[in-house]
Amino acid sequence: MVGSRRWPEHLDAVVEEFQACFDAMERYELLFSYAKRHPSPLPQEEWDDDNQVHGCQSRAHVICSVDENGGFLLRGGADAQIVQGLMAVTAIAVNGMDPADVAGMEPDYAEEMGIRSSLTPSRANGFLNMFKRVTEEAALLL
Amino acid sequence: MTLDIEAIRADFPILARTLPNGKRLVYFDNAATSQKPQCVIDAMSEYYEHYNSNAHRANHTLADEATTALEGARNRISSYFGTSPDQMIYTSGATEAINLAAYAWARENLSEGDVVVLTEMEHHADIVPWQQMSIDKGIEVRYVPIDTESFTLDMNAFEVAIEGASLVCVVHTSNVLGVRNPIEKIIEMSHATGARVLIDCAQGAPHERIDFDSLGADFVAISAHKMAGPTGIGCLLVRVDAMAEMGPFMTGGSMIKRVSTEGSTFQEGHAMFETGTPRLAEAIGWGAAVEWLDQFDMSEVHEHINDIASWTASRMREIPGIRIYGDPEREDSSGAVSFLHEDIQSQDLALLLDEGGFAVRTGHHCAQPLMDALGVPSTNRASFWIYNTMGEAESFVQYLEEIIDRFA
């Protein structure tokens, strides 16, 4: 983490890419493209009740572990492309980080990216439910 | 009289609002809750500004005014629903109304092995209380399936299911499909077998005039907030003979005659079931809402809504990848158009529509057994009401096509 920023420095380029979008629809298009290039996807065959992130409107599944170097590894998948895209960005952020740093992260980067729908306090917010699950599992890995 | 939609829209200040992204609001989530006309907002503000007080207690001017307004609203609302005030119990909404029927009537009158009939079309509010009653009392719950081709109740299965039933609970109009069930026939058939009947009119009341006394149901559950009234208020309409069979549910202040350390005695009639401080502002607001609605011919309102829903559904059927759940083109459908796109997940689609200013619903709509029957986890739903216009529907379909071209 750098300065007041509460996300890892290597995510800055992604955040700036979203900030450079012309409007919300262009941001969603970019998010859909990130959904298609998730760095550590979780195939649907591995989706089960244990790894499901419970949200009202979309299905999201995550498995958190530590890689061979001791870094955090988020594998995830969602049926909603917006959640899947945010999950991909989150994986870019957290993969390889110290689990202790992941456990202390805040979801501010989504707000900075201008994804308005990521901010709603709705119980059905797939992104926030997913993010909470990731930080909780990171804490368990300590 | 022809509906003057522009004049109606002028009564709803929220319809003029602009969203944070600069888009003009197009509100198509009316099956979740309707917007409120200025007269309802004013009635509630006036209560708090001028005569806020607890009702039924105290001998002072404000308490008299508050009590008069609360009971005046009951008179107005019960009259609107074609019945007398002694057959109307204020509740927090349709959900509490159905729970009241379960805990105050069924718990007193049903025992192990008695049968309650539900349908796959029910809202969770008309399923979970009966499942809980099944656990508590050992009653049997039967579900009438829907025909997934016509999206209507399987009435042959219904006829079989009601044999020996003590209570039949059916939704007047599906919040997902917009299908209006043949409730008159359902009531007649159920009564013929000796069962009491509860009709969930949460979705029906905003679309047609519910005349409780002539309808003949034993219980009718209604929410104010879907028919221009405030949230947090509704009612259970109960026939006098059924109310006489009910025991106390929520207990405490207001519903008692006398309390001593040895025990308590209770009020009779609706007062037995209205415990604690009443929802005064909400009841007064609902009274204003039914007065506002009463100026319209509800058959004209229904025709207006049905025209929009029917046109929207027929245009959407032409969009590749869209599937409609329900039959909004039917004359008795209530203005809900549930749909899915084969490539764009429902939550994604709702968020993309929101960027265009269109408020639609997404999810299981608190009707998961119906979702199971349809074989889908969720749907998008556009639902229309009195203030929506054909122009809004046209812009919705156009924007939907643009989204699909861009994201599918």
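Me: What makes domain 1 and domain 2 of chain B two domains in this predicted model, and where do their bounds come from?

Reply: Domain bounds come from an automatic or database domain assignment, and for chain B of this predicted model that assignment gives domain 1 as 5-28 + 297-407 and domain 2 as 41-293. Taken over C-alpha atoms, the centres of domain 1 of chain B and domain 2 of chain B are separated by 28 Å.

Me: How do you know that domain 1 of chain B and domain 2 of chain B are in contact, and how many residues take part?

Reply: Contact requires C-beta atoms, placed from the backbone, within 7 Å, and 24 residues of domain 1 of chain B are in contact with 22 residues of domain 2 of chain B. On the domain 1 side, the elements giving two or more residues are helix H11 (298-316), strand E14 (336-341), helix H13 (368-374) and strand E17 (379-383) of chain B, and by class that side has 13 nonpolar, 8 polar and 3 charged residues.

Me: Why is strand E3 of chain A called largely enclosed?

Reply: A residue is buried if 20 or more other C-beta atoms lie within 10 Å of its own, and 7 of the 7 residues of E3(A), residues 72-78, are buried, so the strand is largely enclosed by the rest of the structure. A:Phe72, A:Leu74, A:Gly76 and A:Ala78 point one way, while A:Leu73, A:Arg75 and A:Gly77 point the other way, and all are buried.

Me: What makes E2 and E3 of chain A a pair of strands?

Reply: Pairing needs at least two bridges, and 7 bridges join E2(A), residues 60-66, to E3(A), with the two running antiparallel; hence they count as paired. A:Val66 has A:Phe72 as its bridge partner in E3(A).

Technical notes. Residues are numbered from 1 along each chain as its sequence is written. Chains are lettered from A and ligands numbered from 1 in the order in which they are written. This is a predicted model: local features need pLDDT of at least 70, side-chain atom pairs count only at pLDDT 80 or more; totals for chains, interfaces and linings use all residues. A residue is buried if 20 or more other C-beta atoms lie within 10 Å of its own, exposed if 12 or fewer, and partly exposed in between; C-beta atoms are placed from the backbone. Helices (H or I, at least four residues) and strands (E, at least two) are DSSP runs, numbered from the N terminus. Two residues are in contact if their C-beta atoms, placed from the backbone, lie within 7 Å. Ala, Val, Leu, Ile, Met, Phe, Trp, Tyr, Cys and Pro count as nonpolar, Asp, Glu, Lys and Arg as charged, and the others, Gly among them, as polar.
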